[in-house]
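User: I have a structure to read and would like to go through it step by step. Can you take my questions one at a time?

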Amino acid sequence: QCATKRKQKKTCAWEQPLLQAVLIADSFNRRFFPISKDQPRALLPLGNVAMIDYTLEFLTSTGVQETFVFCCWMSNKIKEHLLKSKWCRPTSPNTVHIITSDLYRSLGDVLRDVDAKALVRSDFVLVYGDVVSNIDISQALQEHRHRRKIEKNISVMTMIFKESSPGHKSRCEEDDIIVAMDSKSQRVLHYQKTQGLKRLHFPMNIFHSGSDEFEIRYDLLDCHISICSPQVAELFTDNFDYQTRNDFVRGILVNEEILGNQIHMHVTKDGYGARVSNLLMYDAVSSDLVRRWVYPLTPEANFTDQKGQSCTHSRHNVYRGSGVSLGHGSQMEENLLIGCDTSIGANCHISNSVIGYNCTIGDNVILDRAYIWNNVHIASNVVISQSVVCDKAEVKEGVKLNKQCVLAYNVVIGPNISLPEGTVVSMHHPEEEEEDDDEFLSDDGEVGQSQDKTKQKAFNPAEVGAEGRGYIWKASSLDDTEEEELSQCLWGLVLNPDPDSDSEASEPDGSSFSSDPCAAVFSCAVFQIEVLGTLQRGLEENIGCDNLVLEINSLKYAYNINMKEVLQILTRVVLDFPFQQQGPQLTTPQYAALLLPLLKKWAGVFKNYVKRAQDHMDCLSAFEEYFLEQESHWGAMFKILMTMYQLEIVEEEIILRWFSQGATTDKGRQLRNNQGVRMRRQGGGEGNTEGKGSYLKSFI
Amino acid sequence: MEFQAVLMAAGGGSRMTDLTYNTPKAMLPVGNKPLMWYPLNLLERVGFEEVIVITTKEVQKMMSADPKIKQDVKMKLEVVCIQEDGDMGTADALRHIQPKIKTDILVVSCDLITDAALHEVVDLFRAHNATLAMLMSKAHEFTETVPGQKGKKKTAEQRDFVGVDESGKRLLFMANEADLEEGLSIRKSILRKHPRVHIKTGLVDAHLYCLKKSVVDFLTDNKSISSIRGELVPYLVRKQFSKTINGQKTKDDVEDQNQKKSDSSTNLELHISSRDEPLLQLAQERSCWNDHRGDMSEAYHGGKLRCYVHIMDQGLCYRVNTLAAYIEANRLAPKLFEEPVVHPSAVTSERCQIGSDSIIGASCQVAEKTSIKRSTIGNSTTVKEKVKVTNSIIMHGVTIEEGCNIQGSVICSNAIIGRGADLKYCLVGNGQRIEPEAEKTNEVIVGTDQLMEI
């Protein structure tokens with residue numbers, strides 16, 4: 001039957017197969033916690049319209065006729081929303097099927113399910129439920145189909161990118177990518193997230209594809225829209241370890257030679273496409289929307305076709321819904337969207353903001369880059385800048401919300417309190433989440449202000465104000481680089497306002513390609529600092545040797561340090577560690593006492609690096625070098641060497657060889673003598689005939 | 001005078017020793033003209049009146065004897081001789097003539113045959129106030145069979161990776177595949193400035209460079225650089241993205257050796273910024289022009305050192321540095337310049353066939369019943385009766401006896417080809433004598449002393 005279908009296709013070339021889409025209405029992460037505790041991310045309002053509506057509108061307008069919406073978290077809410085929307089009306093050109101399961105844990109699970117249920121029959125569009133876009137992908141689709149026709153089943157995916165220079169605010173720092181491509185075939189050769197990298201590394205094999213022209217592109221924004229062939233779902237089934245699209249892309253690129261699959265790309269210049277992956281992106285996309293970059297998806301278009309949601313557009317991009325009242329002396333400055341039936345008091349200054357339906361705003365309120373959702377009450381004399389206030393929240397008089405605050409659903413703040421930058425307040429207790437199963441057991445007996453039985457702990461008036469209701473969630477610290485922290489950080493990383501300053505300053509005289517010795521020396525210095533930091537953290541958090549080795553290795557690659565230097569720097573850092581911790585005034589016995597346990601602890605790290613005879617030698621020479629500088633602590637030297645030997649970090653033979661080796665400087669000779677004399681004095685009687693180690697063991 | 005032209009003609013032709021054993025590369029005949037005539041002609045065509053020619057004593061002697069250079073070149077040639085075995089690189093040569101350099105320079109190699117519009121390169125240099133502008137071209141495939149080469153030559157040669165920006169003009173990096181074994185690594189800050197990097201392979205460097213005078217001054221300060229292509233150009237390209245202000249800051253904690261290096265580099269930078277005349281700078285400040293878009297920073301991101309490259313899409317561009325390139329250049333040279341097929345002083349029999357794609361040099365003697373097609377016959381060569389020459393290069397003073405059949409071969413000067421010999425795809429060395437009735441295919445015939453050299 002399939003074959004006959006294909007024949008039909010051939011005979012009537014103008015008849016394209018039904019275009020299908022897979023829409024994933026779940027992010028499979030907790031970036032929007034605690035907001036998404038009450039409402040799934042896909043339903044959060046952006047410009048007063050649920051995000052999933054933008055995605056569906058994009059799919060429909062690009063010609064998709066059948067969409068499978070996969071939901072997991074709060075799937076019934078999404079289902080309810082969709083059933084009410086225009087997509088489920090009989091006139092909709094895009095048939096929407098809703099598939100829910102609590103078992104989906106990742107994009108991979110969804111696509112495996114797509115494969116299992118054999119939902120897709122031909123090329124399909126894969127998109128997340130939080131993508132806002134107006135890109136016309138028909139050209140990309142055509143290219144994709146053409147490629148697949150010419151070379152059967154080689155190209156499995158076409159990724160859609162938007163051209164956007166580095167530093168553009170709609171570029172998400174976390175999602176920053178670098179792509180190497182073949183200029184002629186538009187083939188993706190290398191795809192990498194660049195977050196936290198200073199140097200970008202391209203393996204040589206990507207340049208062996210037979211082409212003579214490549215492009216390295218850092219001016220691309222990943223729209224998270226991809227055209228996939230049905231094979232993609234099969235590949236996900238075959239590789240059960242693929243969880244995200246990133247896994248998939250990397251897997252395909254790395255195994256290109258084995259599987260023979262390729263990924264291509266399509267770059268759009270004038271379209272708009274961005275994924276709301278954190279609140280910073282929410283801010284950026286909202287303001288782009290209000291500034292009409294997503295045309296024709298503009299606020300006044302009311303594309304969701306909901307009654308009573310229309311608004312008018314006037315100059316300076318001010319949109320007003322019906323029934324908006326504005327007090328005397330209030331100014332709607334620019335880039336402003338106000339939903340229906342919202343009333344604003346007198347002498348307010350509102351700019352670059354989105355305000356939802358049925359809100360009341362008092363007098364003398366200043367809003368800038370504020371995102372006020374529906375049914376919010378804001379009293380007088382409130383200042384809000386770059387913050388999100390969710391449904392039914394209440395901001396009492398005299399409250400000031402500094403940048404990047406979030407008031408989740410039903411929270412009450414104030415009066416007369418100023419929330420510091422990055423405060424997140426929610427009615428859910430932060431710990432409740434971890435104790436999901438036994439939240440009722442953890443009642444600590446404290447009398448809550450609220451009668452609500454899920455509230456176990458009192459609201460802290462110092463944090464949320466005297467009449468406030470809500471718990472402070474851990475303030476999202478922006479400099480935290482740890483991944484786990486990041487996943488809870490609502491606001492993403494801020495794009496570096498002056499991107500040059502950091503990279504240039506930290507790698508000053510560096511050549512662009514690592515051949516300048518200056519850069520090498522410099523990166524050694526930075527590497528040393530980093531290793532020190534790693535070890536310090538390792539000590540504090542009790543990180544195992546294996547993980548330390550992993551971190552050091554990744555630093556090694558980041559700073560392009562060779563193995564010998566790693567060893568030298570590592571030795572140096574460890575020897576210097578007590579001084580770094582306790583200051584330079586340590587006496588020699590104190591020093592030794594501090595260092596020896598450290599050596600024991602990190603012996604595994606050393607063993608990983610010290611393998612060949614030459615490594616032992618390098619380790620010893622670093623040791624020598626260090627003590628040449630620390631003349632006053634020569635007393636401890638022997639003990640340390642002894643411990644290093646006992647821990648099998650360095651071998652006896654090598655130590656002996658090192659002794660016998662001629663020193664290069666006078667001081668070095670002195671050092672060796674000092675050692676050698678002690679060796680001879682103490683070990684002379686025994687001789688070294690008693691087998692391995694006897695020579696040294698005699699000093700224990 | 002905006003530019004001083006410098007012709008590098010001291011190279012020995014180490015990649016085609018069979019040909020250059022007796023004749024220096026600069027004097028190898030291509031279309032019956034010495035190789036160095038082509039770059040000289042290129043310079044003359046764009047209006048240079050003076051050229052500094054860096055060469056060896058031997059070449060100088062030959063130059064003064066060569067009629068082509070004496071008659072055709074109207075420019076004033078200032079010949080500077082360097083020692084032959086001095087192992088001097090091109091940058092060393094520049095350093096050698098530094099006192100003569102008063103302006104920015106245009107450096108050309110003697111083995112360049114091109115119909116490129118030189119102004120394209122110079123315009124880039126001028127428009128961007130560049131430190132370096134150079135010429136590259138798409139590599140040509142050599143189609144002719146090369147004597148003595150067994151089978152198709154594999155493209156195992158290491159490719160050069162050339163990175164240019166979106167406009168295809170700004171040179172962002174250069175590296176050879178051999179140096180990139182561990183992969184290509186680019187600093188993110190460079191990509192922020194130039195987010196779209198085109199990496200091209202399969203380009204030929206024409207070895208034609210416009211350089212600022214300050215670069216030559218820099219060379220005199222920095223003696224470690226000996227070759228332009230090998231060291232100076234990569235250094236300048238790299239230097240585009242480093243900041244010396246920071247360099248000074250870290251100077252304290254880097255070793256002496258590096259200190260010296262950063263010292264000299266600050267030197268270079270200082271010279272270059274002093275060359276940025278105030279008026280020019282003002283123009284740049286006031287201008288709304290920018291070399292990039294996306295961020296709001298100033299043009300060139302404030303970098304003073306800039307390298308540009310002009311990549312020829314079409315047209316001829318050959319570097320005659322291998323035998324294959326030599327043969328190809330000979331095949332194409334007649335098409336470059338319209339000249340009579342047969343030199344007026346040559347004596348040709350009326351009953352011989354000479355194709356219009358051939359060249360017969362001065363004082364040649366071509367006897368009856370010969371056929372010469374797609375070939376070059378050098379000066380004072382004698383071709384006897386019933387000889388067939390196709391697709392070959394015959395240099396000067398060669399004697400070809402009766403009934404020979406020569407196909408696809410290169411015959412060096414003063415060789416004697418015996419009666420009835422049949423040569424196919426052979427290279428006959430200088431002054432060699434081929435036995436009568438010899439039949440050779442795909443061989444390199446050179447003297448034994450020459451073999452010893454290799």
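Analyst: One definition to start: two strands pair if DSSP finds at least two bridges between them. Keep in mind that this is a predicted model.

User: Which residue of S14(B) is the bridge partner of Met134(B)?
Analyst: Start with the strands. Strand S8 of chain B covers residues 132-138 and runs parallel to S14(B). Six bridges join these two strands. In S14(B), the partner of Met134(B) is Val309(B).

User: In what order do the seven strands of the open sheet in chain B stand?
Analyst: Strands of a sheet pair through backbone hydrogen bonds, either parallel or antiparallel. In this sheet of chain B the pairing is mixed. The order is S5-S4-S1-S6-S13-S8-S14.

User: Why is one side of strand S5 and of strand S14 of chain B left without a neighbour in the sheet?
Analyst: Look at the ends of the order. Strand S5 (76-81) and strand S14 (307-312) of chain B each have a single partner strand, so one side of each has no neighbour in the sheet. The reason is their place: they stand at the edges.

User: How many degrees does the twist average from one strand to the next?
Analyst: Stay with the open sheet of seven strands in chain B. Go from one strand to the next. The twist averages 25 degrees.

User: What angle does the direction of helix H9 of chain B make with that of S13(B)?
Analyst: Helix H9 (residues 228-239) of chain B packs on the sheet.

User: How far apart are the C-alpha centres of domain 1 and domain 2 of chain B?
Analyst: The assignment gives domain 1 of chain B three segments, 3-149, 157-243 and 300-330. Domain 2 of chain B is 340-450. Their C-alpha centres lie apart by 33 Å.

User: What area is buried between domain 1 and domain 2 of chain B?
Analyst: The contact takes 20 residues from domain 1 of chain B and 25 residues from domain 2 of chain B. Carbon and sulfur atoms give 58% of the buried area. The area is about 1700 Å².

User: Which element gives the most to the side of domain 1 of chain B that touches domain 2 of chain B?
Analyst: Across this interface there are zero salt bridges, and one residue pair is in polar contact. Helix H1 (17-20) and helix H13 (323-336) of chain B each give two or more residues to that side of domain 1. With four residues, the element that gives the most is H13(B).

Methods. Residues are numbered from 1 along each chain as its sequence is written. Chains are lettered from A and ligands numbered from 1 in the order in which they are written. This is a predicted model: local features need pLDDT of at least 70, side-chain atom pairs count only at pLDDT 80 or more; totals for chains, interfaces and linings use all residues. Side-chain values use heavy atoms; hydrogens and water are left out. Axes are lines fitted to C-alpha atoms, for helices over the stretch in contact, and angles run from 0 to 180 degrees between N-to-C directions. Contact means heavy atoms within 4.5 Å. Domain bounds come from an automatic or database domain assignment. Buried area is the accessible area (1.4 Å probe) that two parts lose on being put together, summed over both. A salt bridge is a side-chain nitrogen of Lys or Arg within 4 Å of a carboxyl oxygen of Asp or Glu. A polar contact is a pair of N or O atoms within 3.5 Å; within protein, one must be able to donate a hydrogen and the other to accept it, and residues adjacent in sequence count only if both atoms are side-chain atoms.
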